[in-house]
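Visitor: I have a model open and a few things to ask about it. Can we go through them one at a time?
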Amino acid sequence: VSAAPWAGAPVGTGAAPAAVRTLVRSHPDPAVTRLAAGVAHDVNNVLAVITLRADLALDGVRSGAPTDEAVEDLTAIIGAAVRAAELTETLLLVAGRPAAPAEPLDLRAVVGGLRSRVETAAVVPTAVDWDLHPVPTVLAPAAAVERVVLALVANALDATSTETLDPTGAASADSASTGAASPGAPAGPRVVVRLAPAPPAPPAEPTAGPLATGVRLEISDRGGGMTPEVAARAAEPYAHHGPAAGRGLELAVVLGIVTAAGGTLEIESAAGGGTTVRVTLPAAAAAPATPPASAPALAPPTPSAPRPAPTDPARPRGERGRR
Amino acid sequence: VAVAAPTEGAHRIVVVDDDPGIRLVLGRALARWGYDVFLAGTAKDALEALQGDIDVVAVVSDVAMPAMDGLDLAGEILRHHAGVPILFLTGSPVSAHLLANPLVGLLGKPARVSDVRVALDDLIERTSVAAAAVSGRSDGGGPRS
């Protein structure tokens, strides 16, 4: 057989090229299978609401029923379309492609701004302790960063929840945090949110480079913790509760946002010993390091308008997220 | 949760779906067709509804649900509530073995309201035929297959 590449040979001018038979295998990655099945489930549910509502509205209009119900159905259809759009936005975040552009952010202001929102919504407002220090500016989309914080706080609250909020008795959200706080747990905050400059890594550490200066956000809970095996898969789409939970993407979203911003996500946990989720983001290269000491403690971070929280940390877990 | 005051003698249908939007709209459609509807957010709630005094003519259920899924629910219903058919409204796969049972029907999500009605009528009809066959065999003492 000639060594000449067959693809370049003129048609009909020489010996037939040696064909290569390749067995095309099914995709071996179970994570892709789970993601596809989970997204299909969520989209089908949205489409089911749209078709069923449209049919009811149509029947109502044809039969001369009061228009109130048709208006309600049409409103629900618009709501379903908005849910579908949120799902595609979520998928883009999982893919590390946030729709919104990155902007310089003072994370202390961003996280501080979420504090009142969490406290207003929380069943126990004192459940979360906020330890926020001045930090260097980072580059990320504000709404995406807010989503990261709210998702991680919600997961931590879920992991330490002593109330039976979920009638199914299912465990917490995507964090895979397992088990609730032990009955004998000490009083005080169940969750601690810490924001501080990332300490410079030792020079020998390979990850030192871009993260030597940056921001470290830690969310710690006193929940049941998880094994290293569970922690390693915690951000896989729909890894822990299947599509049924309908919110199996939230930690995958967190990882996508953090990665897109050039940061890292770590989970420190021991079964029975609580969990700390650590997000490290690099400081914006050209931005001023730490805000001057005279700066207001919680200055508005950006001119962008605040967006509604995609995840409400204090809602019962059975109601959070899309189904 | 009962969606509407039942008409006298109305047949009860239990709707099970963890998506409240789908529960609600199915409930409205079924109530419009004259059924007495019970809405359950979990398989466990559905099983409790089946324990009650009101006879249930059918269960319409999702498959993918937290805790107990629709397939396990069907297993429980077939074991402990003989004669109650179950219609799956789902985008998830259902085993051929389960679907071979005349008391089990399948409709893919998303479905049209008319599809739900046809599938449900068909399933209830099949159930009554199966029940008549069983009672006929019992009465006649004929051989069972």
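Visitor: Which residues of E1(B) sit on one side and which on the other, and are they buried or exposed?
Guide: This is a predicted model. In it, Arg12(B), Val14(B) and Val16(B) lie on one side of E1(B), with Ile13(B) and Val15(B) on the other, and all are buried. Both faces of the strand are covered.

Visitor: How many residues of that strand are buried?
Guide: 5 of the 5, residues 12-16 of chain B, so strand E1 is largely enclosed by the rest of the structure.

Visitor: Which strand is E1(B) joined to, and by how many bridges?
Guide: Strand E2 of chain B, residues 36-40, through 5 bridges. The two strands run parallel.

Visitor: And what is the bridge partner of Ile13(B)?
Guide: Val37(B), in E2(B).

Visitor: Moving to the interface. How many residues of chain A and chain B are in contact?
Guide: 21 residues of chain A are in contact with 23 of chain B. The two chains bury about 2,100 Å² between them, and 60% of that is on carbon and sulfur atoms.

Visitor: How many salt bridges between chain A and chain B?
Guide: 6 salt bridges. One of the salt bridges pairs the side chains of Arg28(B) and Glu69(A), at 3.7 Å from N to O. There are also 8 residue pairs in polar contact across the interface.

Visitor: Which helix of chain A gives the most to the side that touches chain B?
Guide: H1(A), with 13 residues. By class, that side of chain A has 7 nonpolar, 6 polar and 8 charged residues.

Visitor: What about Asp55(A), where is its place?
Guide: Asp55(A) is in helix H1 of chain A. Leaving out residues up to four places away in sequence, Asp55(A) touches Arg112(B) and Val113(B).

Visitor: Why does Asp55(A) count as buried?
Guide: Because its relative accessibility is 7%, and the cut-off for buried is under 20%.

Visitor: Last topic, H7(A). How many of its residues are buried?
Guide: 8 of the 11 residues in helix H7 of chain A, 250-260, are buried, and the helix is mostly covered. Among the buried ones are Glu250(A), Leu251(A), Gly256(A) and Val258(A).

Visitor: Which residue just after H7(A) takes a positive phi?
Guide: Gly262(A), with a phi of about 80 degrees.

How values were computed. Residues numbered from 1 in each chain as written. Chains lettered and ligands numbered in written order. Predicted model: local features only at pLDDT ≥ 70, side-chain atom pairs only at ≥ 80, totals over all residues. Heavy atoms only, no water. Contact = heavy atoms within 4.5 Å. Buried area = accessible area lost by both parts, 1.4 Å probe. Salt bridge = Lys/Arg side-chain N within 4 Å of Asp/Glu carboxyl O. Polar contact = N/O pair within 3.5 Å; in protein donor to acceptor, adjacent residues only side chain to side chain. Helix = DSSP H or I, 4+ residues; strand = E, 2+ residues; numbered from the N terminus. Nonpolar A, V, L, I, M, F, W, Y, C, P; charged D, E, K, R; others polar. Buried < 20%, exposed > 50% of the residue type's maximum accessible area, 1.4 Å probe, protein only. Pairing = 2+ DSSP bridges.
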